[in-house]
Amino acid sequence: MDDHADKQLFSPGRSYATGRLAAASATALTHEDAATRARAEDRVARWRAVLDGMSAGRITVGSRTPVSGLPAWVTPEVVQGGFATGAARAGGPLEPYEEQAARRAGVPATRAALFDHCLTGPGLAWLWELLDSGRYEVTLPEEAALPTVAWLVRAGDLAAARALVAELAPFADRLRFLPRPAAEPFPDSPAVHRRTAGEAREALARRRPHPRVEAQREALTVWAPFGDAVLAHWLETAGEEREPQAVSDRTPVPGWAARGDALLRRYRELATAHPLCGKHRNPKENLGILLGALEECVAGRPLDRRRLGLLRHAVGSMVRRRGLPGSTPHTALRGAQAAQAALPSHRAFAQLVLGRMADLPQGTGVADPAPLVAPVGEEEAAASGLPAGARVPDTVRRPVEAALSAPVATLVARGVVPSAEVLAQLVPQLVAATTARAYRDPALRTLMAAHHRAFGNRRSLLLLNLQHQVRAEELPWVRAVAGRRDDAAASDGARELLRELGGLAVRAFPATVLPNPLVRELSVLARQAELGAPLVEELAADIFTGRFTPKFLTAARIAGELLAGSVYERYYGIDYAAVRDLAVFEAAEAAGASKRSPRPRSSAGFGELCHERARVTGGRWSVAANGKVIEQAQILTTHNLAVLVARAGIEPGPGAGWDDLARRCFTTVCRLTARVQGHRWPLPVIKDAAYAWRQMVFHLSLCGPEEREAVLWWLTEEVVRHPWHVSARLAPALAGLRLVCAGGTFGSRGTALDGRARRLLGWTTEEHWLRPSPEPAPGRR
């Protein structure tokens, strides 16, 4: 990369970090919630560390080793956007469990002392006991290091143990290499959970009374009765017309002034004790007018014409709206309001459910949440004050149901996993178990499973120059036991799990591009299964250098094997035969080059093809131009769909077909297109709609002719169920799809000769044709 490109890439990085710092600072200064301000202050400190490290040269943005002095295997602290702060996740002050371990061992409370102790006889014996019991938790990859040393020593591989210790020793005083004790072993089960029971309890414990609900409750239980009392007091001075007179104009009701003074004193007490409502403080509101006039009269000052007029209007308004205090309509209204105010708060239900969950294991999910969110029982009602039989509200149920422990397909079906991004968070639990099957020794298998679960939580770095994220097999403790793997034993399981998870992701979220964390986990399975299934990540347009790794071309070749002659190939104007020839040529060139120089890190031909298709040539760098090139790579590769179908063998699922997935994609396209109308920044929405459209075209291409024709008719019927501007915007795209399915083609710029049919793409360097507001057809609004 030349200097000019460096400046183009790194300048946005610094400006991005500065922008995040400014946003966090504003939140820390102005947000009304103290907890939110505290979290923002933490982000401010992290972003300051990023910028200070960049300025001092301690942090190199875009590198696999971004922090000076830390090797790639150390887990860095990473903030939004992939920026390292300069700190190690396993660093910082000693954790409480480390302090307890030091006390138990009788050594100083330092990491260096603990490290040395674990290499002694008693320390190794303690680690062996921990390994055999399985009662430990690995939350960061480094926490598996010393248990691996202990396992190697017990296995008699002292050379590997010494080599691992030598690599860890320079960081023994800075990083924690010990796991955390756990009450129970991690369950060996195909069930997964989105939250642990402990996390669900924390979410419920954080629930505070809703300010608006509590203000309404105060208004109904405190200020409504008090307002009625003040109104009734003024009505004592009213004539037959039920309007108050000036006290000086009538014979005063005995004791009226004294009772008025008592009401004013009561008001001051209530205002101090019940500060949630502020309406009564407004002198222009009805109650404020009544109180202001009462203060004047109690003080012996006559009401002027203006105040008397306001008083009469306020009393009349209150009587007309609710009836006279004590009347049948008024009593019925206040009774209904009192019943509403008496309804228990969501916080009270949360406290009830917290008690129900107290005895559950806090480190795992919940096998059956139903008893935890059942209606209030008789004994519980007596203890809590909640009505017996009352149903737990949804806002309290949801955190508990999110802790459901079940097969991942069940979680998807029950809505606990609402998106591919959430699915990606759960997959490491399953991949960990499958990956660990390669280790014959039970203790090592448990350790490596725990390690993989922790490694799956490692945040991605912002990387440049086609570097790949650190892989688990690069970590020194994983390398140290690599010879203990039986990859053949795990291959079948990896192949089966890849088919299951890949198929589940496509079936459950057919219109969604697979998120990068999920792609990385599926890639682990693909490598173990030795399927030759190159899965590609979504590239970031703001740091794209214009180059692609060779696996993109391989993925495009596999797509061509599946889609040659298909609607997909014709719709996007792809020559998959040329892609195949390019792949063969570059493979031969790479094979010859390997004898003279390292294997090429990029596919020059694929990059040129994507630039040519995107009509992006050399010139000024821009995010939009990069996005166009990346989108063409996604089109050529189908962004993993073809690889999953052709290599992993995923299917649309029982009782469904590719036509069903195509229909669901189009529903998403319509929903996203509807958001374009009146949207201030619609381009990200248009991009997502185009991606969903691409997935629809892929699924449609795998349909038979009759299924495809039925889907095309259905698209026409479906689009009119949405707002008129959706069908108006999508009309050119639908016309283009029908054109291609009928055997036609687009012109060189993705439009038909008559201009009414267009190819739908997401990125553009000009105004997108989906963006302008269409003119409604006659009679449609």
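Trainee: What should I know about the model before we start?

Mentor: The model is predicted, and local features need pLDDT of at least 70, side-chain atom pairs count only at pLDDT 80 or more, while totals for chains, interfaces and linings use all residues. Residues are numbered from 1 along each chain as its sequence is written, and side-chain values use heavy atoms, with hydrogens and water left out.

Trainee: How many helices and strands does the protein have, and what makes a stretch count as one?

Mentor: The protein has 32 helices and 4 strands; helices (H or I, at least four residues) and strands (E, at least two) are DSSP runs, numbered from the N terminus.

Trainee: Why are α10 and α11 called oblique?

Mentor: Helix α10 (residues 256-273) and helix α11 (residues 286-298) pack at an angle of about 130 degrees, with their axes 10 Å apart. Axes are lines fitted to C-alpha atoms, for helices over the stretch in contact, and angles run from 0 to 180 degrees between N-to-C directions. Angles under 35 degrees count as roughly parallel, over 145 as roughly antiparallel, 65 to 115 as roughly perpendicular and the rest as oblique, and therefore α10 and α11 are oblique to each other.

Trainee: Which residues of α10 and α11 make the contact?

Mentor: On α10 they are W256, A257, G260, D261, L263, L264 and Y267, and on α11 they are L291, L294, E295, C297 and V298, where contact means heavy atoms within 4.5 Å. By class, this contact of α10 with α11 has 9 nonpolar, 1 polar and 2 charged residues, given that Ala, Val, Leu, Ile, Met, Phe, Trp, Tyr, Cys and Pro count as nonpolar, Asp, Glu, Lys and Arg as charged, and the others, Gly among them, as polar.

Trainee: What makes α18 and α22 roughly parallel?

Mentor: Helix α18 (residues 420-436) and helix α22 (residues 516-529) pack at an angle of about 20 degrees, with their axes 8 Å apart. That angle falls in the parallel class, and α18 and α22 are therefore roughly parallel to each other. Their contact includes L423, A424 and V427 of α18, and P517, L518 and E521 of α22.

Trainee: How do you know whether H280 is buried or exposed?

Mentor: Buried means under 20% relative accessible area, exposed over 50%, partly exposed in between (1.4 Å probe, protein chains only). H280 has a relative accessible area of 5%, so H280 is buried. The place of H280 is in the loop between α10 and α11, and, leaving aside its neighbours within four places in sequence, H280 is in contact with W223, Y267, A271, L287 and G288.

Trainee: Why is helix α28 described as mostly covered?

Mentor: Helix α28 (residues 641-648) has 6 of its 8 residues buried, and these are L641, A642, V643, L644, V645 and A648. They pack against α21 (487-508), α23 (550-563), α27 (623-637), α29 (658-674) and α30 (683-701).
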